[in-house]
Amino acid sequence: MKIALRHGAGGEETSKLIHDIFAAHFQNEILNKMEDAAVLPEFKGIPVFTSDSFVVEPLFFPGGDIGKLSVCGTVNDLACMGAKPLYLTASFILETGMDSETLEKVAASMAATAEEAGVKIVAGDTKVVEGNGGVYINTAGIGVRPAACSISAANLKPGDAIILTGTLGDHHATILTQRLQMETSLQSDCAPLNNMVQAVLDAGIDIHTIRDITRGGLATVAAELAEASGCRINLEEEKLPVSVAVQGLSGILGLDPLTMGNEGKMLLAVPKDEAEKALAVLKKTKYGKHAVIAGEVVEGTGVFLLTVLGSYRKVLPLRGEGLPRIC
Amino acid sequence: MREKELAAFLQNYKGRPLKLMEVCGTHTSALYRTGLRQLLPETVTLVSGPGCPVCVTPTSYIDKLVEYAFTPGCRVMTFGDMLAVPGSKMSLAEARDQGGAADFFYAPEDVLEKAKTHSDTTFILAAVGFETTAPVWATVIKTAADRQIKNVKFLTALKTMPQALAFLCSRGKIDGFLCPGHVAVITGSEPFEQLAETYSETMVIGGFSQPLLLRAMVRLVLESSREQAGLWNEYPSVVKRSGNPAAQKIVDEIFEAGDAVWRGTGRLPGSGLYIKEKYKSFDAGSRGLNEDRIPPGCLCSRIVLGDALPAQCPHFGKRCTPEHPVGACMVSSEGTCCITLRESGTK
Amino acid sequence: MCVAYPGRILSIENHHARVDFTGSVVPVNISMVDVAPGDYVLVHAGMAIQKVETEEAKEWIALFRDLEEATEETEDDHHA
């Protein structure tokens, strides 16, 4: 069935769409009440709140789809603040011409990802505009963190170790191959990382900063953290994890994996003497098996790469458009 | 690791002061990215020559492309980094923001397929580059001719290196040259041998990966310090003495040499490639685009010759930055000023 | 501008080849090179510009030998 304007008009067709597709997949006791707003249980801890929108093209790609991304993106943003994600909203802007089967696949993917992350989708909205069968999703998410938690971008301290949870550039590279219609073995690394982060927190590690490595890649994320904290970050070229598939693609296209984004990798800054312990915990998790200690925080400003040759060179954030609509 | 030994040789070099030049934008970029540039001691000055095709293109070329972007029925197609280059009024990216038709390709051959399915649009391809890219353009033009694809035209700004290198050698200020490895893949090492002999210069052909670049730089410093004239090929896996004859043949079939204006250097006889008479229906008006509007104070023209360093330009880092560039050296991602500003800062 | 990268030829059809760059396969025009599946080619802007010959250790050896000789010469100069 093709989505038409009437499906977003707020009448019977809208109700049926919500019921048949969204409610059917997102089932939980709060959503099932179908009220105007979700009434949540009282929070134990400091609430943490965020929102993100998703416009990726193509909608489906190796390793994921816009639905999975929309849950992971918001869940991961909460996890980056040391919060346990609890509830999400999901709002959709559908373009006319979209297939209801496609929408069903997206909803199913969101439900599966939400289940893995242990979050509930409790409210949302649907609108339809004229277009070419595309879809845009916004998710807002709320979680809680302990009052004592001070994880923040501004919290890097000289002496901290920088840990990367896995290979760089996978998502960006994958989207690029789809846009250029290349055969590839690349897969997006899109994943919900809250359980991984929780494992490190549960082990008692004093995490100073967590940041997910998204658009603009490690270079951009590191630059933001260095600036927010007033520190310098040194990354070690030898330790940076890049798959041969990403290396090959960035080689032929003249790109730099340091400025290519992920959707399932994080940077953690922890005190040096806890780094090995944090690494061991990460490696036991589903998405942190290839974690490495890849650098350190020192006094100074900016981000530098200690090259294999032994010299330092500056690392700069992504300049320009990069690739449009990758998330 | 033996590479550490080579790196140590460069770092610990205590021979006579040297002024070396590299002449390829991709080398400029690789030298910073690999940290090789930062290994060099103070006594070795490495300047960037006119090896960035965007940097040596006069503003009138961009202006012509912008004009096409606003011409109904036309669509300009270029390499990605050309979109940001400013002409005398605006860049193609800015033209696009104002409703002009401009887009980028990864491989020029892809545009031919587009042209077949959009027969009501005339595609204007910005055919820029040196010897490495000339055979690609020649092949695309030949294919368009063979398949009778009439709605593609090429605005060429193709240049060849030997004349520019000869000019640089004749000024006698450079102790040694790092020669462009991928240009040499096409031309062969022979033209560089001749230059080295004619001008008693030290010349080394180098690759672009960290081990190959390291190897080439060590050879360059070693032989320049000993004042050994000659050509060393440190990229033999792909650079042969006679180059790629098939590539040279297709270039000869489509293009002929002519004078070209290099921003900063002026007119160099025989240093440009132009579409031959036989294929002139594919030419979008490439001859005579020589006018160049250089903003007052801009030192790009001296920087591309290695006569001035970016820091000496009054606009460098102030009025002229990658976000709002004044001259071509800052616009191109492989331009000396852009790389110097973005990547300066060591230790 | 002269960005070129090596890849391995998987299959050939007329003047085009499917070239593998360690996980992504790109169609490449091979009309300027004489190659067969399994060969490595240097690719620039969608075209193979040269076949890649396997790197021989001897060229690296030559550089190290020349460096050693140069170092010995310098030492000899100091001793003389």
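This is a predicted model: local features need pLDDT of at least 70, side-chain atom pairs count only at pLDDT 80 or more; totals for chains, interfaces and linings use all residues.
Residues are numbered from 1 along each chain as its sequence is written, while chains are lettered from A and ligands numbered from 1 in the order in which they are written.

**Helix α1 of chain B**
- The helix covers residues 2-11, and Leu6(B), Ala7(B), Phe9(B) and Leu10(B) are buried in it.
- These buried residues line one face of α1(B), because they fall within an arc of 155° seen down its axis; the arc is taken from the directions from the helix axis to the C-beta atoms.

**Chain C**
- Chain C has 1 helix and 5 strands, which are DSSP runs numbered from the N terminus (helices H or I, at least four residues; strands E, at least two).
- Their order along the sequence is β-β-β-β-β-α.
- Chain C has 80 residues, of which 41% count as buried.

**Contact between chains B and C**
- Chain B gives 35 residues to the contact and chain C gives 23 residues; two residues are in contact if their C-beta atoms, placed from the backbone, lie within 7 Å.
- On the side of chain B that touches chain C, α2 (25-33), α6 (134-146), α8 (181-187), α10 (210-225) and α11 (245-254) each supply at least two residues.

Methods. A residue is buried if 20 or more other C-beta atoms lie within 10 Å of its own, exposed if 12 or fewer, and partly exposed in between; C-beta atoms are placed from the backbone.
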